[in-house]
Amino acid sequence: RSHTLISAGNHIGAHFQPGHSVMLRESNEIGDDVSIGTHSNIEHHVKIGNRVRIHSRVFIPEYSILEDDAWVGPGAVFTNDLYPPSRSVDALKGPHLMPGARVGANATLLPGVIIGRNALVGAGAVVVCDVPDGKVVVGNPARIIKDISELTADGAERIAGQGE
C-alpha cells in the first residue's frame, strides 16, 4: 500500500497485507496470513507467527515475539527497554505473545512480559508482569479480573474494568 516501507532482509510468508504507511524494519520473520494496519511500526528482529493481526498505529520494538493467531488492537505500544536508554543490546527484550493472545486498543506492554495462550489484555491496560494462560487483565497496573471462559458470547460485557 502507499507509503509502506519494507526494509531488506525480512522473511515474509504468503498473503502478507500491510496497511498504508507501515514501517517494517530489517531482519524480521513474518509468517503466513499476517496483516499489519496503517501507520504501524515494526522494528527489527521481531518474530511474527501465522495468522497474526496487528491493527493500526501499533508500535512493536525489536526482539518482540508474536506467536500464531495473536491479535493486537489499535494504538497498542510494546516496549523493550526497562531502563532507557540501554547501553547494551543484551538488555533489550520485547514482549512475547503466546498463541491466541489478544491485546486491546491502546494497551502498553512493558519489556519482557509474556501474555499467555488465549489471554486477553483489556483496552488501555498497562501490563507490568506476565499474564497467565486464559486470563483477562485490565487496569494500570494490569490485574487479573477473570478467566477468558467467563466472558459473554454476545460481547455486551465490557472488560475495561468498569463495575469491577
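Which side chains meet in a salt bridge with Arg25? Arg25 pairs with Glu43, at 2.6 Å from N to O. The close-up views below come from a predicted model, in which local features need pLDDT of at least 70, side-chain atom pairs count only at pLDDT 80 or more, and totals for chains, interfaces and linings use all residues. Residues are numbered from 1 along each chain as its sequence is written, and side-chain values use heavy atoms, with hydrogens and water left out.

**View 1. The salt bridge between Arg25 and Glu43.** A salt bridge here is a side-chain nitrogen of Lys or Arg within 4 Å of a carboxyl oxygen of Asp or Glu; by this rule the count comes to 5. The side chains of Arg25 and Glu43 form one of these, at 2.6 Å. The two residues are 18 residues apart, with Arg25 in the loop between β4 (23-24) and β5 (29-30) and Glu43 in the loop between β7 (41-42) and β8 (47-48). Strands (E, at least two residues) and helices (H or I, at least four) are DSSP runs, numbered from the N terminus. Arg25 is partly exposed at 26% relative accessibility, whereas Glu43 is buried at 11%. Buried means under 20% relative accessible area, exposed over 50%, and partly exposed in between (1.4 Å probe, protein chains only). Salt bridges link Arg25, Glu26 and Glu43 in a network.

**View 2. The salt bridge between Arg51 and Asp69.** The closest N and O atoms of this pair are 2.7 Å apart. Arg51 lies in the loop between β8 and β9 (53-54) and Asp69 in the loop between β11 (65-66) and β12 (71-72), so the pair ties together parts that are 18 residues apart in sequence. Arg51 is partly exposed, at 42% relative accessibility. Asp69 is also partly exposed, with a relative accessible area of 36%.

**View 3. The salt bridge between Asp147 and Lys135.** The N to O distance is 3.3 Å. Asp147 belongs to strand β21 (residues 143-147) and Lys135 to strand β20 (residues 135-138), 12 residues apart. Asp147 is partly exposed at 22%, and Lys135 is partly exposed at 26%.

**View 4. An open sheet of 6 strands with parallel pairing.** The strand order is β2-β5-β8-β11-β14-β17. At the edges stand β2 (11-12) and β17 (114-115), each with a single partner strand, so one side of each has no neighbour in the sheet. Two strands pair if DSSP finds at least two bridges between them. Strands β5 and β8 pair in the parallel sense over 2 bridges. Lys47 in β8 is the bridge partner of Glu29.
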